[in-house]
Amino acid sequence: MLNIQSMSGETRFTGAFFLLAMTFVFLEFAYARLAHHEDTHDTAETLASASVGIGSVVAKVVTSGLSAVPFFFFYTHRIFDIPMQTAWAWGALFLGVEFFYYWFHRASHRVRWLWASHAVHHSATRFNLSAAVRLGWTGQLSGAFVFFLPLAWLGFHPVAIAFMIGLGLLYQFFLHTSFDVPLGPLEWVLNTPRHHRVHHASNEACLDTNYGSVLIIFDRIFGTFAQAPQDEPIRFGVKGRTASNNPLKIALGEWGYLVRDVVRARGIKNRMRVLFGPP
Ligand SMILES: [Zn+2]
Ligand SMILES: [Zn+2]
């Protein structure tokens, strides 16, 4: 019963988030056109991102039950009871989600099995709000949620965890703005559009950096923080892959390459290396 309630709540949240996001995507696109900022947007690519975004919402709704069962299993076997009536509990949950999100995102770039879903988000060649809705369809299927299960085991309620992850994703949406928004001293603590632009860049110096969600402090602690290179222009898109505006190719293309490379590899050890090694 609780599972079904939380799932339908998550579905409504996902749908509302997507509609709100698309409104901002349209406003930014219209502004860029009116202000003749031709370099920030490509019409076909923006439309492709919107199509991929719609697919990701459908996929999320269809597959959300997959994570509900393990979350409630771990919560049933929790080691502490954490009542969510205090600011301390919400603060601790925020830090916990930030910590596990950092490792989930870092693994999504370093483990090819997870990269197959996450590469979708990095495939746009222009950095703007439409890139934020260009999300993978297969994240749930590939088990990305396992990174957050320790929080349920610790005693945070799964609905509270899902809510906090959702808030982080809402914040991250605005990190993809094509406007340069310097945030002064906040750049030390928070993930900002400037930091996330570097995360999306395919320049050698920018690869595998700035994995944070709301905070950038875990990148500073674990040595993955980087600032934009001063001596070269920033490029976007997945290194070594040709960009496509076909939504199916964007959403599932990396899985195709992964299957091809697994079939080509010889022996179980090499196949495991392809699946779980770095992209
Ligand atoms: Zn990423
Ligand atoms: Zn992003």
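Reply: One definition to start: two residues are in contact if their C-beta atoms, placed from the backbone, lie within 7 Å. Also, this is a predicted model.

Me: Fine. What covers the buried residues of α3?
Reply: The cover includes α4 (112-118), α6 (149-154), α7 (158-175) and α9 (217-222).

Me: And which residues in α3 are buried?
Reply: L93, V97, F100, Y101, Y102, F104, H105, R106, S108 and H109.

Me: How many residues does helix α3 have, and what does it reach from first C-alpha to last?
Reply: Helix α3 (residues 87-110) has 24 residues and reaches 35 Å, close to the 34 Å expected at 1.5 Å a residue.

Me: Switching to α2 and α10. At what angle do they pack?
Reply: About 60°, with the axes of α2 (residues 43-76) and α10 (residues 247-264) 8 Å apart. The two helices are therefore oblique to each other.

Me: Is the crossing left-handed or right-handed?
Reply: Right-handed, as α2 passes α10.

Me: Which residues meet there?
Reply: From α2, A48, S51, V52 and G55; from α10, P247, I250 and A251. Five residues of this contact are nonpolar, two are polar and none is charged.

Me: Where is V57 placed?
Reply: V57 is also in helix α2.

Me: Why does V57 count as partly exposed?
Reply: Because 19 other C-beta atoms lie within 10 Å of V57, and buried takes 20 or more.

Me: What does V57 touch?
Reply: Leaving out residues up to four places away in sequence, V57 touches T14, G15 and F18.

Me: And how are V57 and V181 separated?
Reply: Their C-alpha atoms are separated by 28 Å, and the two residues are 124 residues apart along the chain.

Methods: Residues numbered from 1 in each chain as written. Chains lettered and ligands numbered in written order. Predicted model: local features only at pLDDT ≥ 70, side-chain atom pairs only at ≥ 80, totals over all residues. Axes fitted to C-alpha atoms, helices over the stretch in contact; angles between N-to-C directions. Helix = DSSP H or I, 4+ residues; strand = E, 2+ residues; numbered from the N terminus. Parallel < 35°, antiparallel > 145°, perpendicular 65-115°, else oblique. Left-handed = near helix turned anticlockwise from the far one by under 90°. Nonpolar A, V, L, I, M, F, W, Y, C, P; charged D, E, K, R; others polar. Expected span 1.5 Å × (residues − 1). Buried ≥ 20, exposed ≤ 12 C-beta atoms within 10 Å, placed from the backbone.
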